[in-house]
Amino acid sequence: MAVEINGKDFELKPRQNVLQNRKGKPFRDFDDIAITRDESKCIGCGLCRTACSEYNNLGIPVETKVEDCFYFRPDGKLKVTESNCTRCGQCILACPTGTLWEKENIIDVKKDLADPDKIVIAQIAPSLRVSLGESFGRNPEDILEGQMITALKKLGFDFVFDVNLGADFTTYEEAYDLKDRILEGKTPLFTSCCPARVKFIEDFHPKLVGNITSVRSPQECLAVLIKTYFAQKQNIDPAKISVVSIMPCVAKKFESRREGENKSGQFDVDWVLTTREFIKMIKGEQIDLPNLEAAEFDTPLGEASGAGAIYGASGGVMESAVRTFADIFRNVKIEKIDYISTEIPRQAKLDYQEFRGMEGIKKATLNIDGKEIKIAVATGLANAEKIIEEIKNGETYHYVEVMACPGGCVGGGGQSKPQNKEIMATRGNLQKQIINKRREALYKIDAGKSIRKAHENPILKQVYQEFLGCAGSELAQKYLHTNYNVKQARICQN
Ligand code: SF4
Ligand code: SF4
């Protein structure tokens, strides 16, 4: 038997039998917020280390001999919390026995759903709608957005909102951050939406922490708006709201409990469920997902641009940001954006093919109003390391996107393992093919949207008009930016 890692097959070579009595006393680590590790299931194959080395060049799981057993311990320590693990979760996808798993929050979510005093709100990541179907006999490219919303309502969620809208807020704030930094000569700017990459920079390249944008990730931007703007509008006590993110990601669990992710006065995201946990919940209730009637996201936080949809693909964050940045950089009018008018300012181009595809590193130089903007997009931390090395050796980049997982969140550590039987029959880089199909489906969603730039989203305009003021305002800084890189609040022009 072989396990596919990074498009290659690795033979599974067990070194111990978990059913036999072993002298090497297994350790069980359930302390971490994101990852659990149960050595009683470990066969010593080391595929976790292979995954961590292949994708990240980190090799965090270290072979440790205990009596007659081989375990793979994080940085050679007993607990994940004692290591520099980024929580990307790629080792979970590689582990054939479930020794490594996400810290499940299904019971916590069910408890909130059963509490009559709680308003439980789901917010769904971009890539979920293109990766759920496979586990229900559908193809990877099938888009099950509406069915997913209906399933959540059947599970008892009061509202279902779209993290794609959170991505529009991240894009809008970040485009201004990029503009400021280019004008101030403080580049490169690193995107911040991947928490595994943030942790990687904090632990391995601390001198670059100031280069990470202070803008919060889409799940955090939307969650804080749910507990502030939406709560005020609905006259709900934010303490009664439970925000549940449904994510392709293990690291988002870690992000949700980071210091500073509590701008509403409590943690803005209460629980994070991975795609796998969500599937488990749906199947546990015997919900026939593909045959459900499609529903729409709830208002007002359910409408997103096409730019928000492509956040789930490597290069998508960059493309979204550049669509907005190009308009902001070229057009002073957007500085004084008329939040009510639907007038679209001078058009910059919409499709940036140069950022798309499954390559580990993509580079481009854009010319925006006579200014050369140099861009790098990396997927996998091993590729990020190469870009960082180039930067340390004097290469100029203005804007750098890094997503830890292969192909971006469509290949996230919390996603289901590929299920499609037809593609499975082809062997080889099956996982890569499926990730690519999910990626293509996101661009299809984008292409089908009438609004494809974050700053043209009417809901975003409405929230700035009614609540935040403008990009980088005092309130925007308070709610949509993190603490580690706070800069001065922008003064609103209108
Ligand atoms: S979660 Fe990611 S960084 Fe941590 S050990 Fe697994 S593959 Fe390595
Ligand atoms: S690439 Fe996406 S799924 Fe993977 S760790 Fe980063 S945010 Fe999570």
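1. The structure holds 11 aromatic pairs. Rings of Phe, Tyr and Trp (its six-membered ring) pair if their centres lie within 6.5 Å; planes under 30 degrees apart are stacked, over 60 edge-to-face, and the rest tilted. This is a predicted model: local features need pLDDT of at least 70, side-chain atom pairs count only at pLDDT 80 or more, and totals for chains, interfaces and linings use all residues. Residues are numbered from 1 along each chain as its sequence is written, chains are lettered from A and ligands numbered from 1 in the order in which they are written, and side-chain values use heavy atoms, with hydrogens and water left out.

2. Take Phe159 and Phe230. Their ring centres are 5.1 Å apart and their planes at 80 degrees, so the pair is edge-to-face. Phe159 lies in strand 9 (residues 159–162) and Phe230 in helix 7 (residues 218–234), so the pair ties together parts 71 residues apart in sequence. Helices (H or I, at least four residues) and strands (E, at least two) are DSSP runs, numbered from the N terminus. Phe159 and Phe230 are both buried, meaning under 20% relative accessible area (1.4 Å probe, protein chains only); exposed is over 50%, partly exposed in between.

3. Tyr172 and Tyr464 also pair edge-to-face, at 5.0 Å centre to centre and 75 degrees between the planes. Tyr172 is in helix 5 (residues 163–184) and Tyr464 in helix 15 (residues 458–468), 292 residues apart. Both tyrosines are buried. Ring pairs link Tyr172 and Tyr464 with Phe169 and Tyr176 into a cluster.

4. Charges also sit over rings (NZ of Lys or CZ of Arg within 6 Å of the ring centre and within 35 degrees of the ring normal). The charged end of Arg15 is over the ring of Phe70, 3.7 Å from its centre. That of Arg276 is over the ring of Trp101, 5.0 Å from its centre.
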